[in-house]
Amino acid sequence: MSLRFITAASTIGTLIEWYDFFAYASVSPYISAKFFPKGDPIVASLLTWLIFATAYVVRPLGAVLFGHLGDRVGRKATFLATLTLMGLSTFAIGLLPTYEQVGVLAPFLLALFRILQGISLGGEYGGALTYVLEHAPPNRRAFYAGFLSATPPAGLALSSLTLVSTSLLLSRADIEAWGWRVPFLFSIVLTILGVYLRLRLTETPLFEAVKREGKVAKVPVVEAFTKYSKWIVVGVVISAGHAVLAYTSTGYIFTYLTQVAKLDPLTVNLVVGVAALLQYPFYIINAWLADKYGRKRIYMAGLALGLLTYYPIYQWLGTARGLAETIFAVFILIYATAFTFSVLGTAIAELFPTRVRYTGMSLTFNIGVGVFGGFTPTVVQLIGISLQNPLAGLILYTYVVAALALVVAYFYLPETAAKRLE
């Protein structure tokens, strides 16, 4: 089986996972209106993003569960299961009753399926990235993994533009009544495609060798923590640094542009969708550069860019701007993550040996992204409300975490570009 097909099948599956996950962010203004009591839009918005964050809290649980299966049973079967669970959970959200129909049961069910999404994604990205890395040649690992790393902005773009496309076919009243459900329902088609492609994959040669030699870890999570705790700590911090940039630019941006800049939700989806889609080639380019110049340099460049640009761009976006100008500004925000995320997964996965790579990479990545990234829209908004300044959280949370990650990366993250996978 060719490496191109392996990369394509893994990438499409992961793209679908991120599409499903970001569908929630794309329709967040409608979720606020449909799943919570009317009367206080600020509280409804906070609760919407709090449920968004619950999916991140459980991602480490998914990392442990699916990491264990991936390191014990195999990569292929495990990330096939994560895709199926994610697709069914997302489809179910599209069928949920609203607060007006069933009261508090509506947000409870929404949170339940978001939790299932979080558990599945906790095992998906680490599994897919591990699968590709264990097939790729040593001098091209970051490049091939870069196609997977580019799936979050592509998934965000696809979910946002799905809603925008739906709005072209339906009236505004229909969108508000039921059209917001379309991105969730459409996910079942994408899920079937992803499952079909992944069924054709085979196991990785490195994992097969571990099984053949009888070196499969008995309890991968215990071995990862006892033998590689230093790399888990370093990986969590650098994951957090990326995550606060990513969810400030692709999560909080929906709240900021609708509540501060006073743009309507469909316009915001168009802005974020186009800006995210335009990022795709830069993720691949930066991953290619990481094979030539190292993972560490590329990652640190992204953090530095975010620290330099986020505050002034958000400040500039606070007043009404033209559509093209707004898209360009959001593009620059997301562009910082084209550096950090293009190499983050590769840099973390290369810290662990094959016998615990799925678990080590998934757990490390999802603790950092889940604890720090998932709560970013909520924390930034809460700080802004408390200090009566919508940009206060940007400085007191996003900048603090990103700066800490930059320091840790500089002093403690090893360069693994030339490392041979064990």
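# Aromatic rings and their partners

Visitor: Why does Y131 count as buried?
Guide: Its relative accessibility is 0%. Buried means under 20% relative accessible area, exposed means over 50%, and partly exposed lies in between (1.4 Å probe, protein chains only). So Y131 is buried.

Visitor: What are these values based on?
Guide: This is a predicted model, with local features needing pLDDT of at least 70 and side-chain atom pairs pLDDT 80 or more, while totals for chains, interfaces and linings use all residues. Residues are numbered from 1 along each chain as its sequence is written, and side-chain values use heavy atoms, without hydrogens and water.

Visitor: How many aromatic pairs are there?
Guide: The structure holds 23. Rings of Phe, Tyr and Trp (its six-membered ring) pair if their centres lie within 6.5 Å; planes under 30 degrees apart are stacked, over 60 edge-to-face, the rest tilted.

Visitor: Why is the pair of F79 and Y131 called tilted?
Guide: The centres are 5.2 Å apart and the planes stand at 40°, so the pair is tilted.

Visitor: What makes this pair a tie between parts of the sequence?
Guide: F79 lies in helix α5 (residues 75-93) and Y131 in helix α7 (residues 105-133), so the pair ties together parts 52 residues apart in sequence. Helices are DSSP runs (H or I, at least four residues), numbered from the N terminus.

Visitor: Is F79 buried or exposed?
Guide: F79 is buried, at a relative accessible area of 0%.

Visitor: Why is the pair of Y256 and Y314 called edge-to-face?
Guide: Their planes meet at 75°, with centres 4.9 Å apart, so the pair is edge-to-face.

Terms used: Helices (H or I, at least four residues) and strands (E, at least two) are DSSP runs, numbered from the N terminus.
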